[in-house]
Amino acid sequence: MNQRRTLLCSALSAAVVAIAGWAAPGAVQAQAAYPDKPVRLIVPFPPGGSTDAVGRLLAAELGKELGQTVIVENRGGANGNIGSDAVAKSPADGYTLLLSGVGSNAISYALYQSMPYQDSDFAHISLLATGPNVLVANNDFEAKTFADFIKLAKANPGKYTHASSGNGSSGHLAMEMLKQAAGIDLVHVPYKGGAAAITDTIGGRVQVLFLNQDNLLPQVQSGKVRALAVASEKRNPAYPDVPTVAESGYPGFAAESWFGLSAPKGTPAPVIERLHKATVKALAQPELKGKLEAVGFVVIGNDPKAFSQFVSGEIEKWGKAARASGARMD
């Protein structure tokens, strides 16, 4: 009986080893063949905005590098949380990707009382590009420089207003960071989107506005508003004559929007590596790189480890600003 049991166990063990041996090459081959069908890129905002534009530029070039169509799917809502959650809960096979960003992948964690996903639900692939918030003033405002603005704000706490594209937006929280750093007090006037905020700043209904550089560039270039400072550590090529907040007395100050490429947690390492290499090549293509730089984005293209560390730092930084502002979303 013992001999029969031994033989049976040996046979079962051999079968398991054989099955594992057959399955492993298949899995490896599947990863090696990636991608063998179209890839979905979820843009967690409606068509027409900066996130959508970056997503479509990336999809076109990434598809060429991967040899498969990359289909952009807009899934807006809840400050990008709906689309991001959809990716977090998708199969970890590399066929559903997320155009991640500062709102849904950094700021939201501090704004929303209950989040359907966490940063640990993603495998970050590469930081695509960054763009600073820019502080602008209407042309009738007496502060002509950033130094003038800080001096006036300190001398008149609560007198001046600052616009933003909405509560919890990067522009709103950029001003919260500046208020803390400079010890100034301004009245926040939130708008439903950047266009309305720009209109009222131009019209003089509010004195200053912090907003993404690509949205403000046409108004600055046409002279409709005056740029006081950019919120990146280095000067932005699209705003070469505008000083940074950092160089104007607040070292290390940075409040930038950013875009990245992320996948669901558990996506196989070979697939992540394939996507990373293809993304870096796509970002180096003159058409993509040129279009992003033309509106003030700084193209990055770093590796998964560096991007993951970057996201962790952004969550901490923006979370601190959000908590200080008291902004909350339902």
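This is a predicted model: local features need pLDDT of at least 70, side-chain atom pairs count only at pLDDT 80 or more; totals for chains, interfaces and linings use all residues.
**View 1. Ala-78 sits in the loop between β2 (70–74) and α3 (81–88).**

**View 2. Tyr-34 and Pro-35 are joined by a cis peptide bond.** Omega for the bond from Tyr-34 to Pro-35 is near -10°. To find the spot, follow the chain into the loop between α1 (2–32) and β1 (39–43), where Pro-35 is found.

**View 3. Domain 1 and domain 2 make up the division of this chain.** Domain 1 comes in two stretches of sequence, 39–131 and 256–325, while domain 2 covers 132–248. Taken over C-alpha atoms, their centres are 26 Å apart.

**View 4. Here we zoom in on where domain 1 and domain 2 are in contact.** On the domain 1 side, 17 residues take part, and they meet 21 residues of domain 2. The size of an interface is often given as the accessible area lost when the parts come together. Between domain 1 and domain 2, about 1,400 Å² is buried, and carbon and sulfur atoms give 61% of that area. How many salt bridges are there between domain 1 and domain 2? The count is zero.

**View 5. The largest pocket has a volume of about 830 Å³.** Its lining takes in 36 residues, and the closest to the pocket centre are Phe-45, Thr-51, Asn-79, Ser-165 and Asn-212. Several elements give two or more residues to this lining, among them α2 (50–66), β3 (96–101), α6 (170–182), β7 (208–212) and β9 (256–264). Which element gives the most to the lining of the largest pocket? That would be α4, with four residues.

**View 6. Where does the largest pocket lie relative to domain 1 and domain 2?** Both domain 1 (39–131 + 256–325) and domain 2 (132–248) give residues to its lining, so the largest pocket lies between them.

**View 7. The second largest pocket has a volume of about 200 Å³.** Rolling a probe the size of a water molecule over the atoms shows where empty space is left. The residues lining the second largest pocket include a run from Ser-232 through Glu-233, Lys-234, Arg-235 and Asn-236 to Pro-237. Thr-130, Pro-132, Glu-256, Val-298 and Ile-300 line the second largest pocket too. By type, this lining has four nonpolar, three polar and four charged residues. Domain 1 and domain 2 each supply at least three residues to the lining of the second largest pocket.

Methods: Residues are numbered from 1 along each chain as its sequence is written. Side-chain values use heavy atoms; hydrogens and water are left out. On a 1 Å grid over the protein atoms alone, a cavity is a set of points where a 1.4 Å probe fits but cannot get out, and a pocket is an open set with protein on both sides within 12 Å along at least five of seven lines; lining residues have an atom within 4 Å of a point. Grid points are joined across faces, edges and corners, and a volume is the space filled by probe spheres set on the points. Domain bounds come from an automatic or database domain assignment. Ala, Val, Leu, Ile, Met, Phe, Trp, Tyr, Cys and Pro count as nonpolar, Asp, Glu, Lys and Arg as charged, and the others, Gly among them, as polar. Contact means heavy atoms within 4.5 Å. Buried area is the accessible area (1.4 Å probe) that two parts lose on being put together, summed over both. A salt bridge is a side-chain nitrogen of Lys or Arg within 4 Å of a carboxyl oxygen of Asp or Glu.
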